[in-house]
Structures are given as C-alpha cells and as structure tokens.
Amino acid sequence: MAKTVYLLEDDKSICDLVTCSLELADIEAKSFGTVRDFMTALDEKLPDVCLLDVMLPDGNGFDVLTRIKSVFPNVVCIMLSAMGRENDKVKGLNLGADDYISKPFGVLELTARVNAAFRRLGRSDVLAAGNVEIDENKMTAKVNGQPVVLSNMELRLLAYLIRNAGTVITRDKLLTTIWGYDQGETRTVDIHVARLRKLGVEGIETVFGAGYRFKK
C-alpha cells in the first residue's frame, strides 16, 4: 500500500523541496498552501502522515493539529515551524504532535523522521464498541463483523462518537469538529446519524434538545 504524506506549507520553495525529497524515497506527497485546501483534501482521503506549518495565511497549524487529532489520533502529525523555542515545541507536543522539527531543517533528516513514523504505523489500530469495529489506519469499518462502506465523514463521525462514549455531544460541536463549520445546518449531522443507523450501527442515542451520545 502506498505511503502518503500531506504537507501544509505556504512557502512554495519548501513545498517543492520536501515533496521532491519524499517522492525520491517512494513516498506519495501532496502539498497545500492554505488550511482550506488542506482540510478539503483531508475530507476526501486521509493520509498516513501530516506535515504542518504553524503560521499560515488563513489559519494556524496548531488549530489544524487539534482538529485532526480530535477525530483521528492515529494519524501522525509532525510540526514544521520557524517557531523553534522550547515553549512552542512543548505546546505542539502537548496538543498531540508526534514530532516537532524547527526550520531551517535538512530534507534528509525530515525524510528519515517520516520513514520512522511509517514504521510505527505498521500495525493495525482498531476502535471497537458495541457492534462496530473501525480500523482507523485502513479507514475501514465492520458492523456485526461484516464490512460496511462508510464515507469519510460517516467514519469520522462514528469514530468521534465512540471515542467519547457516554458523553453527550451537541450537533454544533459535531459540525465544528467533524465538518469544520463554525456554524451551519445541524440537519447535516442528523442525516449522517440516520445513515449509520440504517447500516445497522447500534449504540448512537439521541438526547433530545442536546445532541447525540454513544452508549458506553
């Protein structure tokens, strides 16, 4: 299976250098200059490793890190930043970053750290609750032991509810975390929950006037 890396970086020269180095190491690499483009690509396909700049024209890499880790904590996130002070590194690591590389950096070292991340990913991580199993590395799901086809958003929503089992999560919170909307049509959440239930997923409770909860 191809190894994939997404790079979020607004400096084109760095993007070209990093993607070229990774591709020479037989790693599929795609670069994005804005948070918006990066998140759109993330919704379509989940990479194995994310390389995240901090200072971006339309956002902050720390915020992107938080959004990724809240839904898919097994995706490796490596921060790339000129903010190399100890406090900045501690902040990134405390938010869930798997590594922090200060600029300027050597592409050989970066490639070596990415390859080390792939070695750590060489195992299957299965999230299981009720009658559901989700392999977050393979982006696959089973209901009652049988494979089911879920969209990326459905899988992210289900994984997030399972990971927070027992906690009532509002529709607005789900929209912000899963879809990245600060505000929007909460009916979107209802439609996706209805689809999951139709596929046989058990355990998603509607808490009227509040939101949804996955039974512990």
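## About the model

What you see is a predicted model, in which local features need pLDDT of at least 70 and side-chain atom pairs count only at pLDDT 80 or more, while totals for chains, interfaces and linings use all residues. Residues are numbered from 1 along each chain as its sequence is written, and side-chain values use heavy atoms, with hydrogens and water left out.

## Overall fold

Let's start with the secondary structure: the protein has eight helices and 14 strands. Here helices (H or I, at least four residues) and strands (E, at least two) are DSSP runs, numbered from the N terminus. With a radius of gyration of 18 Å, close to the 17 Å that the globule rule gives for 216 residues, the protein is as compact as a globular protein of that length. That radius is taken over C-alpha atoms, and the rule is 2.2 Å times the number of residues to the power 0.38.

Along the principal axes, the C-alpha atoms fill a box of roughly 50 × 35 × 25 Å. Of the contacts (heavy atoms within 4.5 Å) between residues at least 6 apart in sequence, 59% join residues at least 24 apart.

## Burial, surface and charge

Buried residues make up 47% of the 216 in the protein. Buried means under 20% relative accessible area, exposed means over 50%, and partly exposed lies in between, with a 1.4 Å probe and protein chains only. The accessible surface is about 10,900 Å², and carbon and sulfur atoms account for 51% of this; the areas come from the Shrake-Rupley method with a 1.4 Å probe, and for residues only the protein chains shown count as cover.

The protein carries 28 positive and 30 negative side chains, the centres of the two sets being 6 Å apart. Lys and Arg count as positive and Asp and Glu as negative, leaving out His and the chain ends; each charge is placed at NZ of Lys, CZ of Arg, CG of Asp or CD of Glu.

## Cysteines

There are zero disulfides in the structure, a disulfide being a pair of cysteine sulfur atoms within 2.5 Å. For Cys15, the nearest cysteine sulfur is that of Cys20, 13 Å away. Cys15 is buried at 5% relative accessible area, whereas Cys20 is partly exposed at 43%.

## A look at Thr34

Thr34 sits in the loop between β2 (28–32) and α2 (35–44), and is partly exposed at 23% relative accessibility. Leaving aside residues up to four places away in sequence, Thr34 touches Leu8, Pro57 and Asp58. Met139 is 105 residues from Thr34 in sequence and 25 Å away in space, C-alpha to C-alpha.
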